Structure formats: C-alpha cells, structure tokens
Amino acid sequence: FIRMLRSAKKRDVLELLRRAPEEACPFIVEAAVAAQSVASLAALSEFLDFSKEESKSLLEKFLYAAAFSPRPSGELLQLVLDKLEGKQLAPETWEMGIVAVGSLVGKLCQQKLCGLQEVERGVETILRGLRGAEEEPEVVIYLLALGNAMLPGTIPTLLEHAEEGPAAVTAAAISALRRLPARHLSSKVKRAMRRIFHEKRKSYEKTCRLAAAEILLDNHPSPMDVTNILLATKEMETEMAKFLLLKVQNSLHTHHHPARKIIKDIMGDPQINNYNFFSKVGASSSFSGPLTVTQDLLSTFGLDLLFLEGGFLRKSISEFSLLSRGQRLRAAQVTIEAQGMESMMGENTSDGEEEPELMAGMSVTFFDVQLRPVVFFQGYTDLMAKVLLSSGEPTSVVKGNLLLMDHHQVIPLQSGLQVTIKLQGGLGLDISANMDVGIWEQELKTSINTRGSFSMDFQAELDCPFLQATLRSQTEVETSIHFDTTLRFSSSPVLMCLQLREEQVPYR
C-alpha cells in the first residue's frame, strides 16, 4: 500500500482519504505518513483539520505515525509544526503533537540533518513553549519532548529543571537526561545528580533520588560514587535502600553493565560486602536478565518494583531492551506510578517531603519514543468518580500500524551489473492498560496488554538487458504479552501477585 501511495498523485491520495469508509481511514493516514512523498504529505495537509473535535482520533493516528517514522523528512516535521501552530487543540492532541516534534527532531539529527530550517524551528518551538509554560503538566510534556530529541545542547535547561523543579518536573528532566548517550553526561551532569541524590540543596521525592542514582551508576561511575551510594543506603528508608542495593547487586550479574568491574572491586571490601549491609528486609525488587543472546544481539527483560513503607506499590517499570554493537534500543518500557496513596491509608510522608497529590498514571516508551503519559485518576474526587463509574474498559495507550524499517540500496557488482535491494518492516501494535482500585476490598489491580504483529518484506532484484532475477522473502511474527499485578493491602504484610503471560508466537 505504501509503495502504491509513493507513485500516486496528490488528487488521488486526497480522493482516497475522502472516500474511505470510517474504519479504513486511520490505516490510509498511517500509510500516507509512511510513504512521505510530496503528494501524500500535501494530501494529508489538506485533509487533516486540527480545529475539528470529531477528527481527534485521526489526528492522533497521524501524530503517532509521524513520531515513529524511521527516516522522517524535513517536510514531515514542517507539516506537524504547521498543524500545531496557533490552533486551539484538545489537550491529548497537543501533548502528542509536542512529543512527536521532539521525536522528529531527534531522528532528523541522527540523520545528520540538524542544520535544517525545520529542525531549528522544531527545537525553538519546544524551548519557547518550555520557557512560557506555567502549569506543571505542560512543563512535563515539553521536557519529555526534549528527551525524545536527545540534543546535548539542551543539557543546561534539563539540569535547571531537574534541580529546581517540583517532583514531577524533576522526574521528567532526569528521565530526559537518561536518554542521552553516556559521552554527553559530563562531570557537570554527574555533580548535579550527586546533589539531587544526597539532597545537598533541598529535599527530593524518593523516585527522583533513585533516578539520579541510576544515572550515576549506569554511566561509567567513579569508585567513590558507587561507595557513597552504597553507604547512603544505611540512612534510607527500608524499601528505598532495598531497591538500590538490589540495583547494585543486579549490575554485578549483567556482563554488559558499564559499572560491573568497579562494583566488583568495591565488593572486595568486607565493610561493605557483608550480610548486615545487604540483608535489608523489604518488598521492593529490581531484576534484569537476558531473553535472547546471539553473536550480534542481546535482548533483555527488566522489572523494577518500588514499594512504600506501608506496602503500597509506588512505581513499577517493566522494560524490554535490545543491545547490538554498542547501541542500545529501548524496545518497550511501561511505567505505572501511584502516589499520594499513603495519605489515603492514613500514613505520614517522610520528613521534609511535600505531601504528593493523589494520582495514578502510566507512561510508555516504545522504540525509543516516549509517548504522552496516561493519567488513570488525579485527586480524590476523580478517584471516587472512576471507582463508582468504572466501565472496566482498558485505556488505550497506542494502537495502529507503524513503518519501522525502510531501506533502499543499489549495489554495483564486480561484473558491472547492479542489484537493487529493498527492505521494509511494519508493525501492527495495540497497547492498553487498566488500573482498578477496589476501596471496599482494599485491592489494587493493574493490567498491561501488549499485542503486536511484525511483518518484514525483503526484495533483491537484478535487472539487465539479458537477465532478470528477483529474490523475495516475507516474514511475519505475531505475539501478545499480558502483565498483571494484584495488590491486597487489607492486612499486613501486603499480599502481591505478579503474572506475566505470553501467548504462543506464530512465526511464518
């Protein structure tokens, strides 16, 4: 379908979009974005109306497809920026639009196209918006967009928000810093992370402190940093200390971890490596291990669970990563957060910590693109409304068809002939999540459902006056993974059940 659109005229693509039945229209929009021909982008520009509320779902399809585009053009970024500028948009559309701009800027810079006028306009749009943002959720979205852009030049801005901002802003700024390659995380960045972790200037929320510690541990740490982080766990709450100690121990078992050798040397000190130090009792855990190991590829699964002292789940992160030839791709990372629950259960917050607002939400990073966060409920009134009016329907995080690979190459052979190679890979994806709080049963249930089908089409063609040959291969894989957690906090200790279900994978 993409190949057909690449050779179509603007009026044909426009006619196709206008005449398509409602259920087929999103698919055509996704294909037109993937085609990225001058005609298809011009047709999309005329067809998509960002001022109409009823076309919200189509606009989100367009923005998702743009954000995941494997090799975007300056014209695609220009189209997204033009559609966002000066319009009164639904909050969800605006958020996804800003996040998509960040992703497009980052991918164009990876193609060595940072000097394009459209890229400069995209960066200026994000930075100007960040300077003018007054509401905390707005600031967070702009910081997530900077995380997608992965521009070393924005480090001073990210550091300022990381150190000075409220908890949600600090967390988003540190998350954006973690996306940058290790070579850009200078001594200045590490000094700021030390100040946050050791709370030199002010008190920070525990998840922000842990994220700062992870930046220090994951980016060629000094022996002093590792030692100070380990010693700091003596003064921490049990759950936070347990989580951090498991994080350090886990890096010992991970052969590719940059801190492995340093931690191994430090563990030679019996004052640190002893039962008394590492035998913290707590429910929090951190685990990562390999799923697939080949000569060229390592795929890993990681699961982090941080609990509060009263046994309530504060944050869970499940992550699938791919490592190949020194490059790391975060294939999927799903984070579920719940905060302010301790006040609902009659518990007190730690000294110096601001009392957080009652909130539960989820954020997803998919193929290194951070999507806009999904909020399940915010505030006690919203929670009660969701509990009483719950439809039981899961919240859709992302759903659609994405072009992940798009490669075209002409190879001259020694004989003087030429071979043309085409490779395309598409992904059909549906990620949904649900959070169910049972006040009367005192239960919290979360479920993340991921369904995907990957299709790859490879074609090699030799074409000359006396000989024609074509080699073609098609591969298809389907899979679905369900991750469920159930937490019962009616008694102590809190009971928890985790379930990871993977259905049979058909491979053709």
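Predicted model: local features only at pLDDT ≥ 70, side-chain atom pairs only at ≥ 80, totals over all residues.
View 1. Residues are numbered from 1 along each chain as its sequence is written, and side-chain values use heavy atoms, with hydrogens and water left out. Helix α13 itself covers residues 206-218, 13 residues in total. From first C-alpha to last, α13 reaches 18 Å, close to the 18 Å expected at 1.5 Å a residue (the expected span is 1.5 Å times one less than the number of residues).

View 2. Since 12 of its 13 residues are buried, α13 is largely enclosed by the rest of the structure. Buried here means under 20% relative accessible area, exposed means over 50%, and partly exposed is in between (1.4 Å probe, protein chains only). Among the buried residues are Lys206, Arg209, Glu214 and Leu217. Another is Cys208, which counts as buried because its relative accessible area is 1%. The cover over the buried residues of α13 includes the helices α11 (167-178), α12 (187-197), α14 (223-232) and α15 (238-252), along with the strands β2 (298-307) and β3 (313-324).

**View 3. Helices α10 and α12 side by side.** The axes of α10 (residues 155-164) and α12 come within 10 Å and cross at roughly 10°. So α10 counts as roughly parallel to α12. Axes are lines fitted to C-alpha atoms, for helices over the stretch in contact, and angles run from 0 to 180 degrees between N-to-C directions; under 35 degrees is roughly parallel, over 145 roughly antiparallel, 65 to 115 roughly perpendicular and the rest oblique. On the α10 side, the contact (heavy atoms within 4.5 Å) is made by Ile155, Leu159, Ala162 and Glu163. From α12 come Lys188, Val189, Ala192, Met193, Arg195 and Ile196.

**View 4. The disulfide.** Searching the whole structure turns up one disulfide, meaning a pair of cysteine sulfur atoms within 2.5 Å. Here Cys109 is joined to Cys114, with 1.9 Å from S to S. The link is right-handed, with 95° about the S-S bond. Cys109 is buried at a relative accessible area of 16%, whereas Cys114 is partly exposed at 37%.

View 5. Strands β8 (residues 395-412) and β9 pair in the antiparallel sense over 16 bridges; strands pair if DSSP finds at least two bridges between them. Lys399 stands opposite Asp430 in β9. Five residues separate β8 and β9 in their hairpin, and Gly416 in that turn has a positive phi of about 95°. Next, 20 bridges join β9 (residues 418-438) to the antiparallel β10 (residues 443-464), where Ser455 faces Gly426. Antiparallel β10 and β11 (residues 467-488) are joined by 22 bridges, and their hairpin has two residues between the strands. Thr450 stands opposite Ile481 in β11.

**View 6. Ser432 up close.** Ser432 lies in β9 and is buried, at 12% relative accessibility. Leaving out residues up to four places away in sequence, Ser432 touches Pro394, Thr395, Ser396, Val397, Ser447, Ile448 and Asn449.

How values were computed: Helix = DSSP H or I, 4+ residues; strand = E, 2+ residues; numbered from the N terminus.
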